[in-house]
Amino acid sequence: MSDIVLIALYALAGATAAGALGALALRLLRHRSVAVSLTVVAAVSVTAMLAGTLTVAWAMFLSSHDLTVVTTVCAMAAVVSLATALLLGRWVVARSNALTLAARDFGRSGSFAAPDGNATAELAALGRELAATSANLEQSRERERALDASRRELVAWISHDLRTPLAGLRAMAEALEDGVAEDPARYHRQIRTETDRLNGMVSDLFELSRIHAGTLSLRPSRMSVYDLVGDALAGAEPLAREHGVRLVGEHMGEEADGVPVEVDGREMTRVLGNLLVNAIRHTPADGTVAIAARHEEATDTVVLSVTDACGGISEEDLPRVFDTGWRGSEARTPPAGAGLGLAIVRGIVEAHAGRATVRNVRGGCRFEVVLPAAP
């Protein structure tokens with residue numbers, strides 16, 4: 001066996017013994033500070049080198065002078081290595097402590113601010129993740145506050161809107177009961193009208209509760225866009241005539257007519273109906289409400305749009321249009337209703353993996369429903 005192989009074997013034996021002791025030390029100290037672990041690693045490295053060197057020196061029968069020289073060199077290397085490990089460990093511990101304090105403040109105040117200064121890649125990545133989590137939590141809190149405000153407004157408006165027809169119904173019932181109603185038939189018709197209004201309000205509340213609870217049951221089927229628009233126009237035509245509004249189904253083009261969508265026909269008809277009713281009520285007499293559809297080939301989606309002549313919505317109100325209970329500025333506030341129609345629209349559309357948007361156009365605003373085209 002050659003001398004080189006023997007030297008390698010002796011060095012391996014000495015280094016392995018030192019490495020085994022170092023592994024045992026790391027296991028015993030695994031719950032201590034990272035500075036201690038780094039120091040142990042540095043000590044193991046130097047000890048393994050020293051053990052291998054001394055084993056080889058013993059096997060080669062070096063003189064005591066040469067052995068002293070080798071030992072001194074290894075000892076100096078050990079001192080430098082241990083000092084470097086200690087400095088690095090203290091720096092890592094300091095950065096870790098700073099991050100721990102920032103995380104503690106995060107738990108108390110709800111906002112996270114990464115500590116200043118450089119850090120290791122892992123600690124920097126952890127800081128970025130905590131900052132991203134803080135931002136997401138802040139957004140969630142904002143949404144929760146907005147939702148809570150919408151619920152409070154909804155309760156107030158529902159209470160008001162229910163009190164008015166109930167008071168009217170009670171007054172008419174008392175008049176009929178006392179026999180003082182001059183035209184009982186007219187009272188009966190008014191009672192029926194108010195009952196239908198209350199029934200519609202309760203129906204909207206029930207639909208919205210199912211949407212928020214995630215229990216909205218859909219029965220999708222392949223449908224033509226032309227059929228959806230036709231059903232919506234037929235349902236809104238009487239209201240348009242009553243308000244003196246022209247209801248127009250703009251030419252959709254063969255590219256839209258020939259692209260089917262897979263939706264729940266009943267729910268999607270309700271979506272388009274709510275949009276058309278909302279547009280008709282806010283369009284002045286002799287105005288025009290147009291419904292159209294187009295196919296976006298780039299995204300393979302179908303866009304259904306309803307355009308009114310309401311005069312537009314203020315820019316600060318646009319983000320709140322689909323919020324529960326939103327009824328807009330005074331110019332757009334209807335004499336009845338609790339502001340549930342557009343919230344129901346958004347809920348149903350999102351349940352179909354689509355999205356509902358609104359933007360101002362010349363003379364009014366345009367609501368768009370984006371749905372994925374059927375495969």
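Asp 300 is placed in the loop between strands β4 and β5 (301-307), where helices (H or I, at least four residues) and strands (E, at least two) are DSSP runs numbered from the N terminus. Phi of Asp 300 is near 55°, a positive value in a residue other than glycine. With a relative accessible area of 41%, Asp 300 is partly exposed; in this classification buried means under 20% relative accessible area, exposed means over 50%, and partly exposed lies in between, with a 1.4 Å probe and protein chains only.

The structure is a predicted model, in which local features need pLDDT of at least 70 and side-chain atom pairs count only at pLDDT 80 or more, whereas totals for chains, interfaces and linings use all residues. Residues are numbered from 1 along each chain as its sequence is written, and side-chain values use heavy atoms, with hydrogens and water left out.

The chain contains 9 helices and 7 strands, and 34% of its 375 residues count as buried. Contact means heavy atoms within 4.5 Å. Among the contacts in the chain between residues at least 6 apart in sequence, 68% join residues at least 24 apart.

A positive phi also occurs at Asp 286, which is not a glycine and has a value of about 70°. Asp 286 is found in the loop between α8 and β4 (288-296), and with a relative accessible area of 59% this residue is exposed.

Helix α9 (residues 341-351) and helix α8 (residues 265-281) have axes that come within 9 Å and cross at roughly 150°, the axes being lines fitted to C-alpha atoms, for helices over the stretch in contact, and the angles running from 0 to 180 degrees between N-to-C directions. That angle makes α8 roughly antiparallel to α9, because angles under 35 degrees count as roughly parallel, over 145 as roughly antiparallel, 65 to 115 as roughly perpendicular and the rest as oblique. The crossing of α8 and α9 is left-handed, a term used if the near helix is turned anticlockwise from the far one by less than a right angle, with right-handed used if the turn is clockwise. On the side of α8, the residues that meet α9 are Glu 267, Arg 270, Val 271, Asn 274, Leu 275 and Asn 278, and their partners in α9 are Gly 341, Leu 342, Ile 344, Val 345, Ile 348 and Val 349. By class, the contact of α8 with α9 has 7 nonpolar, 3 polar and 2 charged residues, where Ala, Val, Leu, Ile, Met, Phe, Trp, Tyr, Cys and Pro count as nonpolar, Asp, Glu, Lys and Arg as charged, and the others, Gly among them, as polar.

Glu 267, which lies in helix α8, is buried, with a relative accessible area of 3%. Residues up to four places away in sequence not being counted, Glu 267 touches Glu 207, Arg 210, Leu 216, Leu 218, Ile 348 and His 352.

Helix α9 also meets α5, and the axes of α5 and α9 come within 10 Å and cross at roughly 35°. This crossing of α5 and α9 is left-handed. The contact is made by Asp 204, Glu 207, Leu 208 and Ile 211 of α5 together with Ala 343, Ile 344, Gly 347 and Ile 348 of α9, and by class it has 5 nonpolar, 1 polar and 2 charged residues. The buried residues of α9 are Leu 342, Ala 343, Ile 344, Val 345, Gly 347, Ile 348 and Val 349, and these buried residues pack against α5 (184-213), α8, β6 (355-361) and β7 (364-372).

A search of the whole structure finds 0 disulfides, a disulfide being a pair of cysteine sulfur atoms within 2.5 Å. Cys 310 is in no disulfide, and the nearest cysteine sulfur, that of Cys 365, is 3.5 Å away, which is too far for a bond. Cys 310 counts as buried at 18% relative accessibility, and Cys 365 is buried with a relative accessible area of 0%.

Arg 241 lies in helix α6 (residues 225-243) and counts as exposed at 57% relative accessibility. Although Arg 241 and Ala 285 are 44 residues apart in sequence, they are 9.6 Å apart in space, C-alpha to C-alpha.
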